[in-house]
Amino acid sequence: MDVISVIRTKRDKGELSPEQIDWVIDAYTRGVVADEQMSALAMAILLNGMNRTEIARWTAAMIASGERMNFDALSRPTADKHSTGGVGDKITLPLAPLVAACGAAVPQLSGRGLGHTGGTLDKLESIPGWRALLSNEEMLHVLDTTGAVICAAGDGLAPADKKLYALRDVTGTVEAIPLIASSIMSKKIAEGTGSLVLDVKVGTGAFMKNIEDARELASTMVALGTDSGVKTVALLTDMATPLGLTAGNALEVRESVEVLAGGGPADVVELTIALAREMLDAAGVKDADPAKALKDGSAMDVWRRMIAAQGGDPDAALPVAREQHVVTAPSTGVLTRLDAYDVGIAAWRLGAGRARKEDPVQAGAGVELHAKPGDTVTAGQPLLTLHTDTPEKFDYALKSLESAWDIAAPGTAFTPNPIVLDRIA
């Protein structure tokens, strides 16, 4: 077996054999296959696709590259959630403690930013002292004592995916449906959760730009999970507009804490509660009310315990960028579009994301929104505030925002997209 023949098979639109898939995943994990070779194969997969048999085998090979966890010793059922990534998508932060407060255990293995989308671990690392890297024993301890843990997948869990995940981010292959599905599901199946809710984003700010591709991805992942004995359901959710009013690491943590305090933007609250209900139902937890747990402070209590258990200080001040730049509305009227992708690119250019897998991110960088589609704006009023420690980045970020919004005549009727577009089980 050699990597060149594997690349050529997929380059020429052939079907990879089980033996080819098993070998190339194992060889890449061991360092026999180089990054540039796996990059070529990933691009061939992006361009030519994989069938269901190939995707299932690729996923199984990535699971087999490492260990599998088991949560049978916990006293409560496990439920996890995964988002395919969006702009301002801080939902995991309030969701994990909320579901834990309602009676399920949430072993949330999360990732770092991919392209223009933010990463949960990058966000939480803006909290002083908080640690993403936990041993399996530490993860189980936090989960058992607080009901929720958000951490990085350990080195032993699907190590093939850990290498490939970072490579996809810097080689233009993030959007490949087979690679997205197998990446997500290999980690989640190896993680050992009993149930899984998938948040598949649709729209300009998502990797799936149209609902047909999103349905394909969701159906692929639901089938992979179900076939592996994990109760799996997917929601397709809107990502034409950024979620909430912030995109950036510390900015999104601050907004998440507002949600846990019973406030926060309505769209973030709505989606958090919708996903919580799906997770609790999948885990078999009855008669829990996520909306009540947000209002009565019980979700906030779990958040504080969870952050402290991972070394973070829930009372510490969050980082603030040294420089701000305000973008004002050019005219008066109704804001009818604020493009999630353009805002995500601006946040990335300001330092909230990374161009290479080894790049650091700025905790305080990002974009703050002062209006959402449907709002009436007045010429000269603040529309966005850009945050960064490196003001020379402002011009580059502003270029991505040149056509990011539409403002219609005053009084124009506007109906926003629903947050939840479809459900696949």
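Which residues does T173 touch, not counting residues up to four places away in sequence? T173 touches A42, M43, L46, R168 and L179; contact here means heavy atoms within 4.5 Å.

## Basis of the model

This is a predicted model, in which local features need pLDDT of at least 70, side-chain atom pairs count only at pLDDT 80 or more, and totals for chains, interfaces and linings use all residues. Residues are numbered from 1 along each chain as its sequence is written, and side-chain values use heavy atoms, with hydrogens and water left out.

## Overall form

The secondary structure comes to 16 helices and 13 strands. Both are DSSP runs, numbered from the N terminus: helices are H or I with at least four residues, strands are E with at least two. The C-alpha atoms fill a box of roughly 65 × 50 × 40 Å, taken along the principal axes.

Of the 425 residues, 55% count as buried. Buried means under 20% relative accessible area, exposed over 50%, and partly exposed in between (1.4 Å probe, protein chains only). The protein exposes about 16,200 Å², and carbon and sulfur atoms supply 51% of that area. Accessible areas come from the Shrake-Rupley method with a 1.4 Å probe; for residues, only the protein chains shown count as cover. Among contacts between residues at least 6 apart in sequence, 79% join residues at least 24 apart.

## Helix 2 against helix 8

Helix 2 (residues 18-30) packs on helix 8 (residues 159-169) at an angle of about 80 degrees. Their axes are 9 Å apart. Axes are lines fitted to C-alpha atoms, for helices over the stretch in contact, and angles run from 0 to 180 degrees between N-to-C directions. The two helices are therefore roughly perpendicular.

Helix 2 brings I25, Y28 and T29 to the contact. Helix 8 brings P159, A160, K163, L164 and L167. The residues of this contact divide into 6 nonpolar, 1 polar and 1 charged. Ala, Val, Leu, Ile, Met, Phe, Trp, Tyr, Cys and Pro count as nonpolar, Asp, Glu, Lys and Arg as charged, and the others, Gly among them, as polar.

## Loops and positive phi

T173 lies in the loop between helix 8 and helix 9 (177-191). T173 is buried, with a relative accessible area of 0%. T173 and S39 are 134 residues apart in sequence, yet 8.2 Å apart in space, C-alpha to C-alpha.

A158 sits in the loop between strand 3 (148-152) and helix 8. A158 is not a glycine, but has a positive phi of about 45 degrees. At 1% relative accessibility, A158 is buried. D287 also has a positive phi, near 65 degrees. D287 is found in the loop between helix 12 (266-283) and helix 13 (290-295). At 83% relative accessibility, D287 is exposed.

R57 lies in helix 4 (residues 52-64). At 35% relative accessibility, R57 is partly exposed. R57 touches P18, I21 and D22, not counting residues up to four places away in sequence. The C-alpha atoms of R57 and S182, 125 residues apart along the chain, are separated by 9.1 Å.

D227 lies in helix 10 (residues 211-227). D227 is exposed, with a relative accessible area of 69%. D227 and T145 are 82 residues apart along the chain, and their C-alpha atoms are separated by 31 Å.

Terms used: Angles under 35 degrees count as roughly parallel, over 145 as roughly antiparallel, 65 to 115 as roughly perpendicular and the rest as oblique.
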